[in-house]
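Here are my notes on this one, written as numbered points.

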Amino acid sequence: SKCLLHDLHNDPACFVDGDDIIPPYCFRPFCYVDADVCARESNERVYRSDYFNIDSGVDVFYSYSTCNSTCDDWLGAVDGKVEPVNLGQSKINA
């Protein structure tokens, strides 16, 4: 797939509301990958999407590093370690 800002357009946390707080991972590109090929032929970090239940039998994998990006912001958000930062008139969690 293409390197895109998938979260910016699909994650409800990335939608601007009255607070204008946007997590920084919303601006990190990633792409969907074939985990078997990616893991075997490179050193890219690959993650399983939790969009589908593990029991569903549907496995979708994605990679930030394939797009010269980082998942650190996303992992921080999952761990609850992302603090809002005010950047002018809008806020971005960092």
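1. Let's begin with Cys 3, which is partly exposed at 41% relative accessibility. (Buried means under 20% relative accessible area, exposed over 50%, and partly exposed in between, using a 1.4 Å probe and protein chains only.) Before going on, keep in mind that this is a predicted model, where local features need pLDDT of at least 70, side-chain atom pairs count only at pLDDT 80 or more, and totals for chains, interfaces and linings use all residues. Residues are numbered from 1 along each chain as its sequence is written, and side-chain values use heavy atoms, with hydrogens and water left out.

2. What does Cys 3 form a disulfide with? The partner is Cys 67, and the two sulfur atoms are 2.1 Å apart; a disulfide here is a pair of cysteine sulfur atoms within 2.5 Å. This pair links distant parts of the chain: Cys 3 sits in the segment before α1, Cys 67 in the loop between β4 and α3, 64 residues apart. (Helices, H or I with at least four residues, and strands, E with at least two, are DSSP runs numbered from the N terminus.) Cys 67 is buried, with a relative accessible area of 10%. The torsion about the S-S bond is about -90°, so the disulfide is left-handed.

3. Cys 14 lies in the loop between α1 and β1 and Cys 26 in the loop between β1 and β2, twelve residues apart. Both ends are tucked away: Cys 14 is buried at 3% and Cys 26 at 0%. Number the bonded cysteines in sequence order and the pairing reads 1-4, 2-3.

4. Cys 31 is buried, at 4% relative accessibility.

5. Now try Leu 5, in the segment before α1 (6–10). Leaving aside neighbours within four places in sequence, Leu 5 is in contact (heavy atoms within 4.5 Å) with Cys 26, Phe 27, Arg 28 and Pro 29. Leu 5 is partly exposed, at 29%.

6. Next, charges. Side chains of opposite charge can pair when their charged atoms come close. The count is two salt bridges, each a side-chain nitrogen of Lys or Arg within 4 Å of a carboxyl oxygen of Asp or Glu. In one of them, Arg 28 meets Asp 73, with the closest N and O atoms 2.5 Å apart. Arg 28 is in the loop between β1 (21–22) and β2 (31–33), while Asp 73 is in helix α3 (residues 72–78), 45 residues apart. Asp 59 and Arg 48 also form a salt bridge, at 2.8 Å between the closest N and O atoms.

7. Last, the rings. Phe, Tyr and Trp rings (for Trp, the six-membered one) pair if their centres lie within 6.5 Å; planes under 30 degrees apart count as stacked, over 60 as edge-to-face and the rest as tilted. That gives five aromatic pairs. Among them, Tyr 62 and Tyr 64 are edge-to-face, 6.0 Å centre to centre with 80° between the planes. Tyr 62 is buried at 12%, and Tyr 64 is buried at 3%. Phe 30, Tyr 32, Tyr 47, Tyr 62 and Tyr 64 form one aromatic cluster.
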